Amino acid sequence: MTQVDNTLNDIRRQGNATIVALSGEVDLHRTPAVHKTLVQACEQHPERLVVNLKDVSYMDSSGLGTLVEVFRRVNGYHGTLALCHLSTRVRSVFEITKLDRFFNIYATEEEALSA
Amino acid sequence: MSGMRVVPEESQKFVISVRQLAKLFADQQGRPVRVLDDITFDVYPGETLVVMGGSGCGKSTLLNCLIGELRPEEGGIFYQTRVMPQPINILDAREEQLNEVRKRFGILFQSGALFNSMTVAENIALPLKEHSYVDPSIIDIVVTLKLQQVHMLPHRDKMPAQLSGGQKKRAGLARATALDPEILFYDEPSAGLDPVTSAAIDELIIDLSKKLSVTSVVVTHEMDSAFRIADRMVMLDRGRVLRIGPRGEFERIRDTAPERLADEDERLIHQFLNGKTEGPLTDAAGMSEYEKWIVTG
Amino acid sequence: MSDAAPPSRTGRLTAAVTAFGQMGYNARHRFVRDVRYLGGVGYLVGDTLAWVVRALVFRRVKLGASALASQMVRVGVRSIPIVVLIQVFIGIILALQLAPTLEDYGSLEKVADIIGLAMFRELGPLLSAVVLSGFAGASIAAEIGAMVESEEIKALRAHALNPIRFLVVPRLLATVIMMVGLTVVADVVGVLGGLLTSWLVLDIHPWSYLDNTQVALFYRDFFTGLVKGGVFGVLIAAIACYEGLNVTGGAEGVGRATTSTVVKSIVALIATDCVFTAVFFIFKL
């Protein structure tokens, strides 16, 4: 089975914030790569780490687990993790696990940056 | 029938498609007996299909065929999932292909079937550990998420032997959902549970299917539970599909007086759904055998 | 039967022929069943080896070193004391049994040669294997049988985990490794038992005993013993796993599988030992 890596992970810096844009399907096969990217973004200890999920069409529990792990890291250095642009499908995954109560979730990237 | 190519209709969007399935077992004298015969139905995305029927009607055999545990002699079982948009007939799939399908479904076994040598958390972590290269710290988080969903977080580090029947089933459900399956099979989910625990399990089933839009196939003979969770129902009788339809149709048959039902099949279903001792189901059962025995000895 | 009228001559003849035919039929039936059993065990071993090759050579599947380690502890470590005990006794018994005859021939010191050969070539691997089949074989069969009964095997397959790879491979490898290890232990301990008896009872000095043993034994005696030990390990684990995987009929079935594992293992061990010995004899090994 040949698989094309459709998670193009794009990292940008904007002021004291780092924005990571994920895309594609964040599932079991892809989470190791996503985790690596996010850990990399954490390394410079940005005050605010924004994860843009605009182009994420599907996320499974391992994707959620990865975000929780990163959430712990960011909290560890007293930064803030913000998520934005959740599709309804991805949002429902957060709701079932009641993780929407812990994460800062915003509609747009601007809101996530300014809040 | 064998050798004929059975293919589901192109246009239909199904998750599982069962076509003209037949399963034969040998009886005591070694003669083949059709335990399942000409079973055809589809399961659509996101729905909950309840398979019911009396003991020995073939519903467990059907489940075992669906999960690749038994090999039917005739027909086809097609799966169509997110990662496999092209329908795969698991009856001519290689072991590796079958395993790819298996990773897309989860099963809640009758007794939970937890691995007794592992803790609850290790049970749930096992499929993740074996089938992915996800970091152990993340697997740990996923296990917590799954346990939370079935309200089993306090029992995380217990061994299966320390759990009650209901807890085992909930832990089994957590393990079945470990890989975020698209399809969940339930084998008698309320068997051996008290009414309250059984209702709680039903609620979980509904919850998971609605929120995760998981397709569910539930094999049961508990009617209360069946009517609580079903979108559609299938009634099996002596290895054949007697009736398949939306829950409403079965509710109508259940609530109509037998003399006003259309045919013998409906009266049989009526009897089964209401758990009555008198009706076509019990009239037919063994009567001819009995007569033969009395008359000819 | 006893109430029936005495059978006529022809009746008796028919009965005899029928009984004979039945015997033949039963024998055929049993033969088919036995061949099927051997085939099943053989297939299991082949499948297991294929997984081992896939894991070690192609590195395509995870094998689980921790599973192997825990199985080795469970299979082998607990049986070490028993093996030590038994082999010391065997050493003592052999020394005492051999002494009178050898003394008649005036070559009492040969006791060391015979015990050494017997231990390294035969009794070390064989008796360790018998102990292990009672210890590990029975417990593996019971464990896997219980797993079949509680649908755990079905659950493994449903999670796309192959039971052979997941359960049989670590148990078989662990049994083989521990069997080879136990053979070495048994060899040493057995010789030690003989040495102590010879020293304390037969008045043979330990140094001369060891000297004799060393002269009598070749490396090939040691290695043929090890090869036997390894093969015995395969047999024990394969029979135990096969019996366990084919359990039917609840707790009673598990009990039956356990007993049958021990009985069949011992028969298989001794039969295989016989074949080995014959082959070694022919090729002068």
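In this predicted model, the elements of chain C run α-α-α-α-α-α-α-α-α from the N terminus on. Among contacts in chain C with a separation of 6 or more, 86% are accounted for by residues 24 or more positions apart.

Chain A is built from both kinds of element, with four helices and five strands. Their order from the N terminus on is β-β-α-β-α-β-α-β-α. A compact globule of 115 residues would have a radius of gyration near 13 Å, and the 13 Å of chain A agrees with this. Of the contacts in chain A between residues at least 6 apart in sequence, 71% join residues at least 24 apart.

The table sets out values for these two chains.

| Chain | C-alpha box along the principal axes | Buried residues | Source of values |
|---|---|---|---|
| Chain A | roughly 40 × 25 × 25 Å | 38% of 115 residues | computed from the model |
| Chain C | roughly 70 × 65 × 35 Å | 38% of 285 residues | computed from the model |

**Contacts between chains**

Two pairs of chains touch, and the pair with the most contacts is that of chains A and B. Chain A and chain C, by contrast, do not touch, and their nearest C-alpha atoms lie 14 Å apart.

The contact between chains B and C takes 14 residues from chain B and eleven residues from chain C. On the side of chain B that touches chain C, the elements giving two or more residues are helix H2 (95-102) and helix H3 (120-131) of chain B. H3(B) gives the most to this side, with three residues. By class, the side of chain B that touches chain C comprises six nonpolar, four polar and four charged residues.

**A strand pair in chain B**

Strand E6 (residues 105-108) of chain B has buried residues pointing both ways. B:Phe105 and B:Ile107 point one way, while B:Gly106 and B:Leu108 point the other way. E6(B) pairs in the parallel sense with strand E7 (residues 183-187) of chain B, over four bridges. Within this pairing, B:Ile107 of E6(B) stands opposite B:Phe185 in E7(B).

Definitions and conventions
Residues numbered from 1 in each chain as written. Chains lettered and ligands numbered in written order. Predicted model: local features only at pLDDT ≥ 70, side-chain atom pairs only at ≥ 80, totals over all residues. Rg over C-alpha atoms; globule rule 2.2 N^0.38 Å. Buried ≥ 20, exposed ≤ 12 C-beta atoms within 10 Å, placed from the backbone. Contact = placed C-beta atoms within 7 Å. Nonpolar A, V, L, I, M, F, W, Y, C, P; charged D, E, K, R; others polar. Pairing = 2+ DSSP bridges.
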